[in-house]
Amino acid sequence: MPFKFFDRSQLKLKSLSERKHLIGLNHFLQLEGPIPHFEHPHLPLLAERIVSAHKRGAPVILMMGAHLLRAGVSRQIIDLMQRGILSHIAMNGAGPIHDYEMARIGATTESVAEYIARGQFGLWTETGEINDWITRGVNENLGFGEIVGRGIKENRLPHREISILAAGYHLQVPVTVHVGIGYDIIHEHPSCDGSAVGETSYRDFLILAQSVTRLEGGVLLNFGSSVMAPEVFLKALAMARNVAHQHGTRIACFTTAVFDLIPLEGNLREEAPRDDPRYYYRPYKTMLVRTVTEGESFYVQGDHRLTFPNLYRLIVDGLTSGM
């Protein structure tokens, strides 16, 4: 006998105008504004690697958790896209939700504790528009990120200038979205079509795998994604290397860098033993050790609101100084 499904028609959605938001436009850093002070010995070298990769035409891929968006650095990310520095951005499923809400109402992020107690967490009418776009766009052979970026731009959402997805659509820089079904608030909505979500996100995975085929000599950055980025990158790299080996080429010499809050000590280019809790931290074993055979990896601990703007400043300085 089939198991019973939850009846989504019973759900009551409310407008975003009724939600209290934790992040607004004034939280987002200006391009010309002061940058919070942060120093780390790896940052100048990473900036040099990124500028060098850019000048050689090698890719610079940014994989990110949604915390990077909530850090208020969207303008800096978009500027690097416009300069041709970032050749691919990969988000988890929460990324387009925050990006869309910022573009639509200039605010995002709800108190989970407050709204889960009311049974209202995530059930906001406007955000479900993402589902509508995905359902309509699934037959156009586009990926999740491109569909949402197009929707934000072509529907002229009021604050679209701060949207990374809209910038990707406009600049034709792939911004891919790697979804786990049930992870994101739009999956609660009656309008969610799981097959369309899966199909469009899988297309984005194949777009990322294609970008990884060019990673030799390039740079891959992971800002704050402890599961999506290492797991998706691992599979994409396996596919890319499989084809490269068949053609007598290699994808081995590239730079990876992980930016996160977790303190990691010791030799981070050797895998932690199985009885060490760090062994189970995927960005460490996957992105700093296992996938980097002949390249080099770096770990930078710090708040994204500090680390990304300072890396951005060093990259821009390197471009203008002819690094």
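**View 1. The largest cavity has a volume of about 60 Å³.** This is a predicted model, in which local features need pLDDT of at least 70 and side-chain atom pairs count only at pLDDT 80 or more, while totals for chains, interfaces and linings use all residues. Residues are numbered from 1 along each chain as its sequence is written, and side-chain values use heavy atoms, with hydrogens and water left out. A cavity is a set of points, on a 1 Å grid over the protein atoms alone, where a 1.4 Å probe fits but cannot get out; lining residues have an atom within 4 Å of a point. Grid points are joined across faces, edges and corners, and a volume is the space filled by probe spheres set on the points. The count comes to 2 cavities of 30 Å³ or more. Residues lining the largest cavity include F28, L69, R70, S74, H98 and D99. Helix α4 gives the most to this lining, with 4 residues. By class, the lining has 5 nonpolar, 4 polar and 2 charged residues (nonpolar: Ala, Val, Leu, Ile, Met, Phe, Trp, Tyr, Cys and Pro; charged: Asp, Glu, Lys and Arg; polar: the others, Gly among them). Helices (H or I, at least four residues) and strands (E, at least two) are DSSP runs, numbered from the N terminus.

**View 2. The second largest cavity has a volume of about 40 Å³.** Its lining consists of I50, V60, L80, I85, L86, L221, F308, L311, Y312 and I315. These divide into 10 nonpolar, no polar and no charged residues. Helix α12 gives the most to this lining, with 4 residues.

**View 3. The largest pocket has a volume of about 920 Å³.** A pocket is an open set of points with protein on both sides within 12 Å along at least five of seven lines. Among the 41 residues that line the largest pocket, the closest to its centre are N92, G93, A94, Y183 and D184. Elements giving two or more residues to the lining are α2, α4 (94-105), α9 (194-212) and α10. The lining has 15 nonpolar, 16 polar and 10 charged residues.

**View 4. An open sheet is formed by 6 strands in the order β5-β3-β2-β6-β7-β8, with parallel pairing.** β5 (175-178) and β8 (296-301) stand at the edges with a single partner strand each, so one side of each is left without a neighbour in the sheet. Two strands pair if DSSP finds at least two bridges between them. Strand β2 is joined to β6 by 5 bridges and to β3 by 4 bridges. M64 has F223 of β6 as its bridge partner, and L62 stands opposite I89 in β3. F223 is also the bridge partner of F259 in β7.

**View 5. Strand β2 is covered on both faces.**

**View 6. Of the 9 residues of helix α3 (residues 74-82), 7 are buried, so the helix is largely enclosed by the rest of the structure.** The buried residues are S74, Q76, I77, I78, D79, L80 and M81. Their cover includes β2, α2 (66-70), β3, α8 (164-171), β5 and α12 (304-321), where contact means heavy atoms within 4.5 Å. Just after α3, G84 takes a positive phi of about 80°.

Definitions and conventions. Buried < 20%, exposed > 50% of the residue type's maximum accessible area, 1.4 Å probe, protein only.
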